[in-house]
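Biologist: I'd like to learn how to read the contacts between chains in a model like this one. Could you walk me through them?

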Amino acid sequence: MNWMAWTAPTGLFFAVIASALLFLILLELKRPTAVAKGWLPMATTRGDRFFVSLLGAAFIHLFWLSLTDWPVLYASGLAMLWLVAVMAKG
Amino acid sequence: MGDCALVNSIVRGITGVFIVVGLVACGQTSDEASAPSISAQAYAANAERWVDSEFQPSTLTRDEQLAELAWFNTAAEPFRGMSINVVSETLTTHQYESETLAQAFYEITGIRVNHDLIQEGDVIEKLQTQMQSGENIFDAYVNDSDLIGTHSRYGYVVALSDFMSGEGADVTSPTLDLDDFIGLSFTTGPDGKVYQLPDQQFANLYWFRHDWFSDPELKEQFAARYGYPLGVPVNWSAYEDIAEFFSVHVKEIDGQRVYGHMDYGKKDPSLGWRFTDAWLSMAGAGDQGIPNGLPVDEWGIRAEQCRPVGSSVSRGGATNAPAAVYALQKYIDWLKAYAPEQAPGMTFSEAGPVPAQGQIAQQIFWYTTFTADMIKPDLPVVNADGTPKWRMAPSPHGPYWEEGMKLGYQDTGAWTLLSSTPLDRRKAAWLYAQFVTSKTVSLKKTLVGLTPFRDSDIRSQAMTDMAPKLGGLVEFYRSPARTAWTPTGTNVPDYPKLAQLWWANVANAVSGQVSAQAAMDSLAQQQDRVLERLQQHGTLGECGPRLNEERDAEYWFSQPGAPKPALDNEKPQGETVDYETLLSSWTAQDAEMAQ
Amino acid sequence: MAQNRVKDNRAWIGVLPVLLIVAFSGVIPLMTVVNYSVQDILDFNTRFFVGLEWYRETLDDPRFVDAFLRQIGFSAAVLIVEIPLGIIVARGMPTDGLRASLLLVLLATPLLIPWNVVGAIWQIYARPDIGLLGVTLNELGIAFNYTSEPLHAWLTLLAMDIWHWTSLVALLAFAGLTSVPAACYQAAELDGASKWQVFRFVELPRLKGVLVIAVLLRLMDSFMIYTEPFVLTGGGPGNTTTFLSQYLATMAVGQFDLGPAAAFSIIYFLFILLFSWLFYTSVMRDEDRS
Amino acid sequence: MNRSSRVSRWVLLGYCVYLVLPLYWLLTMALRSNADIAGTFELLPSNPTFANFAEILTNPVWYQGFVNSLSYVVLNTLISVSVALPAAYVFSRYRFLGDRQLFFWLLTNRMAPPAVFLLPFFQLYSSIGLFDTPLAVALAHCLFTVPLSVWILEGFMSGVPTEIDDMARIDGHSFWFFFTRIFLPINRSAIGVTVFFCFMFSWVELLLARTLTGSEAKPIVVVMTRTVSASGMDWGVLAAAGVFTVLPGILVVWFVRQHLVKGFALGRV
Amino acid sequence: MARIRLDNVGFTYPGADAATLAPLSMDISHGEAFSLLGASGAGKTTLLNLLSGILQPTQGRIFLDDVDVTGLPGRDRNLSQVFQFPVLYQSMTVRENLAFPLTTRGSRRNRADIEARVNAVADELNIGGILKRSAKGISLFEKQLVAIGRALIRPDVSMVLLDEPLTAVEPSVKWRLRQTLKQAQQDLGVTMVYVTHDQTEALTFAERVAVLANGYILQTGTPDDVYQNPAHEFVGHFLGSPGMNFLPVADLPESLQQRVTGMGDPERLGFRPENAALGLPNTFDLPGVVHSQRILGTQRGEVISMYGLQCGAHSVFVRSSMPLAVGDPVTIDLKRWIGFRDAIRVGRRGAE
Amino acid sequence: MLRMDRACLDGDEATAFDHSFAPGEMTVVLGGNLSGKTNLCRLLAGLPTQAHGDVSYDEQPWSHLPPQQRSVAAVFQAFVNYPNWTVAQNIASPLVARGLTPEVQEQKICALAQSLGIGDLLERNPDELSGGQQQRLAIARALAQQADVLVLDEPLVNLDYKLREALVVELKTLLAETRATVIYTSSDPRDAFALGDQVLLLERNQKLQSGTPLQVYQNPSNLAAAHLMSDPGVNLLPASEHTERGERRAVRPEHVRLGAETAPQSDTELRFDMQVHSVERSGDETFLHGNVCDPQSPQAMEHWVVRRLGMQPVDAGQAVALYVRCADILTLAVE
């Protein structure tokens with residue numbers, strides 16, 4: 001797998017995503033989600049909200065990188081807040 | 001039950017698929033099946049047959065040829081039955097190799113060679129892919145020696161010098177005669193090792209309509225207007241005048257629109273070649289010193305020892321020096337003012353055949369690969385007796401050019417072996433590479449493809465016989481002048497990454513979106529950025545880049561050599577030379593050398 | 001998806017082959033590209049972790065931003081022309097008979113030509129000296145030259161894309177139209193609806209499903225357009241027709257500069273994903289409401 | 001049905017002309033010599049030559065290219081359709097964990113910009129020893145054809161009443177019998193449409209096919225690139241090859257045209 | 001509102017051997033509720049399409065208020081239609097759907113008028129409460145109501161064509177929709193042509209009914225008339241549930257035959273299940289044996305049944321409250337019957 | 001005997017009920033839209049459904065068996081045939097599944113096709129058949145199975161009324177020959193009388209009542225049951241005629257007499273006044289629709305339908321006097 005050019009940070013990144021997915025699947029089997037309408041403009045399921053929060057987090061990072069020169073860690077913090085906000089109330 | 005009607009269609013579909021798959025299978029196996037095993041005697045017989053029927057003329061005697069082939073036969077024994085893949089760009093020479101020589105090689109040695117022909121860009125891409133990934137794609141590549149700087153630094157390529165005396169000693173032909181290869185210096189790294197084996201060679205030269213240039217009426221008109229005789233231009237001023245003369249003043253000959261200049265300008269990778277090959281050095285941007293100028297080469301990259309130290313003027317390079325900007329500006333001006341309207345939209349491949357259509361009076365940057373296509377009968381540029389109406393001559397040089405500088409581009413497509421190729425396959429490929437460059441076949445190959453690469457072939461009687469039809473090709477190769485034509489040198493540490501920067505930036509200037517100065521500034525900056533990255537990681541060893549500190553441009557201008565400050569007058573008096581005089585001086589020099 | 005589906009997680013067995021095959025050919029390369037994007041790669045044994053440096057560099061690169069804006073402009077133009085044209089063409093299609101078959105074959109033909117040949121055809125076809133289109137335009141007194149005039153290059157590219165891809169929209173729209181019940185047309189006619197109203201209120205609502213896909217496919221494909229403009233204009237004159245993919249291809253397969261190219265393509269991928277998702281959900285939301 | 005108004009019929013006619021002219025130009029190019037093509041403008045080829053076609057028909061490389069292309073296109077179509085069929089079936093018949101997400105995710109795979117994915121693709125397929133085989137190209141194209149196939153087939157299958165499934169079960173048929181003997185034949189138009197789309201994509205794609213093949217499995221689109229060389233561009237041969245590449249596609253369309261019309265009429269596509 | 005006159009109108013599909021619709025003449029008066037009744041394939045949809053202008057007759061003329069509209073397309077005939085399955089503009093609200101025909105044809109009315117008309121029709125059909133809803137989000141029943149509303153919305157519409165409008169509606173609400181339709185027809189006084197295969201719908205809706213079979217109109221008349229006095233055996237059979245019973249005169253007892261012969265010398269007698277009485281076996285009446293029983297309900301505490309009886313080789317149905325079991329022998333006393341010869345009515349007899 | 005235990009048609013335990021279907025007889029399951037009829041059929045057949053419950057046949061538990069292993073055949077409301085198979089192949093389908101020899105198949109196909117009147121259509125495809133023929137084909141296929149249990153889910157509802165009439169009669173005869181337990185669902189009480197040996201009333205997934213049609217007709221257990229067994233539904237007496245809490249009094253449309261017919265018998269009859277707003281005549285019957293006022297509170301009106309034999313000389317807008325025998329008045333629990 002050397003050709004996949006793994007690095008520790010990306011490995012961690014994918015591991016986190018994979019475990020989040022696994023967790024969501026287990027949660028779904030235990031407590032099936034219902035379509036709910038939060039502050040997002042459309043009704044969503046838990047899976048939808050996860051997708052929205054991931055995509056949002058990616059764009060938070062992108063905008064951070066293009067607009068500021070501050071460390072990326074702040075953007076990650078912001079993305080976490082976004083993630084919590086979307087998953088909980090989206 | 002007869003639910004056939006519906007199931008039938010599916011069944012029929014599946015049957016169809018099997019037929020196709022079957023066809024595919026047959027197509028593949030039939031190759032194998034048609035390969036009868038060949039006995040040792042048969043190899044010898046085959047060799048004789050090929051020598052008699054195909055490999056004539058040759059600079060070797062028949063016995064020498066047979067002996068050489070016998071050696072190949074013996075050396076190939078361990079690899080018999082093997083099938084190897086090699087690749088090269090599409091060129092008449094390689095087509096000959098692919099269709100004829102590969103078959104001969106198979107019949108003589110028992111090694112099957114699949115000699116693939118693809119677009120040049122794709123060859124490089126495959127080569128890159130193999131180098132990047134370490135996965136074997138082709139067992140040998142024919143690629144231009146421009147990559148020598150890359151090959152010698154990155155270590156993906158087998159140094160042939162080491163190979164021939166080491167692992168590959170048993171498969172290295174005793175009759176290879178390395179010194180006979182005229183492009184060998186191009187394929188030698190800064191460490192003095194040979195990295196590639198030349199297989200075909202071509203140059204870019206000045207091309208003109210000899211018949212028009214010797215037309216008394218035109219000559220008179222020209223002299224009247226410009227104050228000096230119409231002839232082969234020695235400098236760019238003269239070229240510019242002649243271009244103007246034909247495009248603006250003569251305009252029509254025999255009722256046909258004519259142009260004094262031809263070039264190409266479409267945004268395309270080939271636009272980069274136009275520049276990285278020689279354009280800057282022809283204008284005089286680099287330093288003296290053959291082959292590529294030291295410390296500053298034709299790309300404007302400065303190297304100290306073998307370390308590239310920068311390409312911007314501020315780092316001692318010349319990529320955005322006045323001479324380079326001048327070169328780009330002239331290219332654009334001429335393309336727009338004197339070339340046919342279509343020229344700016346053409347690529348190298350499209351523009352190449354245009355002079356053969358008979359409307360072009362001269363072309364400053366013409367590749368000799370087009371020779372074969374320009375001597376076909378019935379072309380407007382060929383006389384009834386089969387001799388060309390055109391001639392090739394040395395390219396004129398720009399105002400910044402000084403004696404001892406590179407004057408044009410000459411490159412050799414050369415065999416490259418990668419260290420990621422398994423040894424036995426590499427050896428078999430090496431045998432093939434030597435076979436297609438061996439003296440037994442090389443003259444014949446040269447006559448077919450007109451891309452000479454062996455000194456012995458150039459000086460053969462066959463070439464002398466051929467010379468009148470080739471418009472000066474033979475004369476050029478026989479002259480000592482040809483050493484002023486060289487490929488991209490060793491200052492370029494990563495050809496693929498750097499070469500791509502050129503065409504994009506040049507295209508911006510061609511379209512008028514940015515000025516020539518801005519385009520070259522941006523190019524120099526991008527080149528330095530690549531060098532900087534290579535330097536950061538420090539993996540290229542002794543010859544890896546190490547950028548100079550940025551300094552004021554004036555500092556570098558005041559130093560001797562490139563980068564050179566701007567000239568006050570970039571258009572000196574035009575100079576021309578009579579073609580016949582030029583030829584005789586070549587012959588004289590050649591004779592002198594021979595003594 | 002149909003409404004009356006049975007809930008059964010064992011259905012996963014059915015999607016498993018698709019999942020595996022797509023994960024194999026999609027996810028593994030995607031992960032690799034993500035890995036590339038945070039490294040400077042000389043070769044696979046010589047890699048250097050650089051963090052998000054390439055992302056920052058790409059986002060700060062005016063060439064990326066320009067190419068991105070051009071790309072949006074091109075994709076928008078493509079959609080604006082091809083979607084309506086495709087619908088009109090589909091409305092004109094006969095529904096059966098030999099004529100329908102022949103038309104179908106003709107419509108499908110451009111879709112079946114290898115992309116590099118498409119570029120090559122148009123390259124010659126539009127040449128002002130030897131191409132039918134170029135010569136005709138010049139005969140008409142338009143000084144047409146797509147290799148030097150940015151606007152002409154743009155229009156030629158657009159014309160080529162329309163030639164190449166409108167058939168796809170037309171075929172999809174044709175499919176949508178054939179599902180409109182005759183009674184709907186009849187009712188509209190008796191209501192005195194104009195042709196436009198018939199289209200707007202009868203056909204369009206029923207075409208929505210296929211149009212969503214047509215728009216998505218055209219959006220994605222026009223965003224990724226590479227081969228044809230590369231052959232036709234090479235991205236020129238200047239940068240006027242240099243789109244994201246060309247820029248990307250230069251980096252990835254020309255320079256083999258995998259790190260920046262990977263970061264570039266991840267950003268690019270995220271944007272297409274965003275557009276597609278926004279479009280998909282906003283349209284599908286309406287569907288769900290009903 | 002009176003949906004084809006006069007305007008749209010005129011537009012259709014105009015569009016057909018618009019479609020045909022470049023095709024005509026392709027054909028005339030194939031019938032002319034390079035010097036002729038690049039030198040003069042002619043509405044009708046004045047010196048038609050079949051040399052370009054002859055070059056393609058006589059050179060085994062071209063023939064082999066066709067065979068290679070066909071073999072991976074057929075493989076791809078087979079794989080795509082055969083994996084998409086069960087998936088489309090369950091998508092159309094069942095709700096299950098993550099079905100909607102999975103469906104969108106499948107579609108997103110079409111969005112990957114190919115250029116950067118080329119090297120990973122190459123690495124992936126060489127690491128499992130498939131480089132330079134038709135199977136590698138077929139599998140790589142699956143990334144694009146499978147999602148589309150699932151989507152098309154799902155659309156059709158959703159339109160087939162579930163009562164058919166129920167009926168077959170009640171009649172006592174095994175699932176396999178039902179699926180192959182009843183369900184698939186019902187959906188054969190859909191399969192026709194799917195085949196068309198798989199064929200279309202796989203046949204014309206250049207980048208992946210080029211990256212994943214060396215000399216053994218080199219497809220026709222890659223063979224075509226040999227017409228660009230340091231000694232000029234071989235327009236005529238390229239055009240002739242272009243003409244030849246269109247032919248199999250037209251054959252496919254012609255043979256599935258009934259299904260296409262019918263399939264288009266019934267399904268989502 | 002208009003009078004519709006068909007003058008010898010016929011239709012044959014190109015290339016077809018037989019006429020889909022035999023030449024017929026018909027007159028529907030102003031504000032009349034008219035019904036076309038027939039089985040599938042009888043030609044009623046063809047006739048409807050001729051009226052709505054989708055098809056053009058291969059012979060004859062069609063007049064609306066004495067204006068020849070034969071060649072005119074449907075949009076110029078000023079009519080509206082309700083289809084088998086509700087046809088709505090999916091992207092519009094119910095209100096927009098209703099108002100749509102008023103906003104087309106360039107005849108732009110002012111908004112207040114449109115508003116008023118929409119409200120009036122909505123009130124009539126009792127759909128005032130769903131005007132703001134999307135046309136996609138309402139029940140099938142409501143959809144069909146809206147479709148009917150749209151057909152009625154133009155005050156000047158010359159006629160409304162209804163093509164089996166109750167097909168898609170649940171049986172339990174069919175009569176409600178039928179009621180509403182009939183009410184609206186009376187209140188608004190529009191000419192309506194109602195096409196159906198269901199005799200109950202046809203007879204309960206229309207003032208006059210035309211019965212079609214195989215492209216021919218067999219009888220046109222009031223519901224009472226076509227039911228009580230079918231002009232053709234098919235009409236007798238098709239109307240009523242179960243339909244008319246037929247017995248060959250030759251198979252009847254002597255006494256009965258004699259009574260019949262004076263009345264146009266019929267071949268067969270037709271009588272309705274409710275027009276016969278069952279009695280204990282006697283020598284005058286027609287004998288039969290009970291072979292089936294279907295309970296219809298109770299009346300004054302007695303169970304009423306439809307008995308299937310075997311009369312020689314023939315089977316007839318008779319309604320009776322007599323308690324009988326399968327196999328019981330009975331006699332049938334025909335109270336009212338109609339004589340047919342070559343399937344055409346030749347005479348009748350019984351209480352008027 | 002076919003039994004259902006703790007059958008929940010909507011998956012909700014609260015609605016669970018038990019029922020045994022009379023062996024070898026036909027049970028008509030009567031219920032309106034969404035009453036759970038289809039779920040019941042699917043539960044019996046073993047098809048995927050939200051309904052659950054234990055199904056057993058002759059003491060043999062069926063619940064875990066897939067449909068293939070249950071001896072059950074079915075006909076659905078929609079004409080379900082395999083569109084890619086001919087009529088003959090369709091009928092043969094269950095026979096093929098059972099692996100019968102072609103000769104046996106042939107024989108059965110012919111016999112069944114003849115008895116259902118599609119004998120000369122054997123080589124056609126289902127889409128070339130009329131609706132009635134398609135449904136006959138579906139029935140033939142179900143019968144070919146010779147299953148112990150035959151489920152017919154509103155099989156005739158999509159047919160023209162005359163066809164329906166004919167098929168009801170045919171079905172009765174055909175099914176009389178089988179010894180299968182037949183479940184026939186419908187929303188039309190006339191079907192219950194015409195076909196049913198037994199009737200099972202369903203409302204909102206719950207069992208209301210079961211018994212012979214006449215029993216159920218005469219003694220409906222509550223208002224909903226009475227409604228189901230009446231077409232049109234029963235007429236509610238005005239609110240002032242209430243007996244007790246939670247009960248209403250009602251009368252069937254056919255049990256209302258018009259004043260003109262005979263003189264009122266005031267001791268055994270009640271009189272109501274109705275404002276007629278529409279009259280429908282279907283030949284042998286007349287339906288009067290109108291409002292009946294409550295004498296105590298004139299605002300409270302009930303909508304009534306009166307169903308009388310023959311052509312009644314009443315016009316819309318008229319006021320008529322109605323008489324109802326006290327014996328015909330049903331007192332029904334509302335719940």
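Modeller: Let's go through the chain-to-chain interfaces, one feature at a time. This is a predicted model, so to speak of local features we need pLDDT of at least 70, and side-chain atom pairs count only at pLDDT 80 or more, while totals for chains, interfaces and linings use all residues. Residues are numbered from 1 along each chain as its sequence is written, chains are lettered from A and ligands numbered from 1 in the order written, and side-chain values use heavy atoms, leaving out hydrogens and water.

Biologist: Which pair of chains shares the most contacts?

Modeller: A contact means heavy atoms within 4.5 Å. Of the 10 pairs of chains in contact, C and D share the most contacts, with 104 residues from chain D and 112 residues from chain C taking part. By contrast, chain D and chain E do not touch, and their nearest C-alpha atoms are 9 Å apart.

Biologist: How much area do chain D and chain C bury between them?

Modeller: Buried area is the accessible area (1.4 Å probe) that two parts lose on being put together, summed over both. For chain D and chain C that comes to about 9600 Å², 78% of it on carbon and sulfur atoms. The side of chain D that touches chain C has 77 nonpolar, 17 polar and 10 charged residues (Ala, Val, Leu, Ile, Met, Phe, Trp, Tyr, Cys and Pro count as nonpolar, Asp, Glu, Lys and Arg as charged, and the others, Gly among them, as polar).

Biologist: How many salt bridges does the rule find across the interface of chain D and chain C?

Modeller: A salt bridge needs a side-chain nitrogen of Lys or Arg within 4 Å of a carboxyl oxygen of Asp or Glu. Across the interface of chain D and chain C the rule finds 0.

Biologist: And what about chain F and chain E?

Modeller: There, 34 residues of chain F are in contact with 35 residues of chain E. Chain F and chain E bury about 3000 Å², 50% of it on carbon and sulfur atoms. On the chain F side, F:Tyr161, F:Lys162 and F:Glu280 lose the most area to chain E, together 19% of what that side buries.

Biologist: Which side chains meet in a salt bridge there?

Modeller: E:Arg178 and F:Glu280 do, at 3.1 Å, N to O. The side of chain F that touches chain E divides into 11 nonpolar, 10 polar and 13 charged residues.
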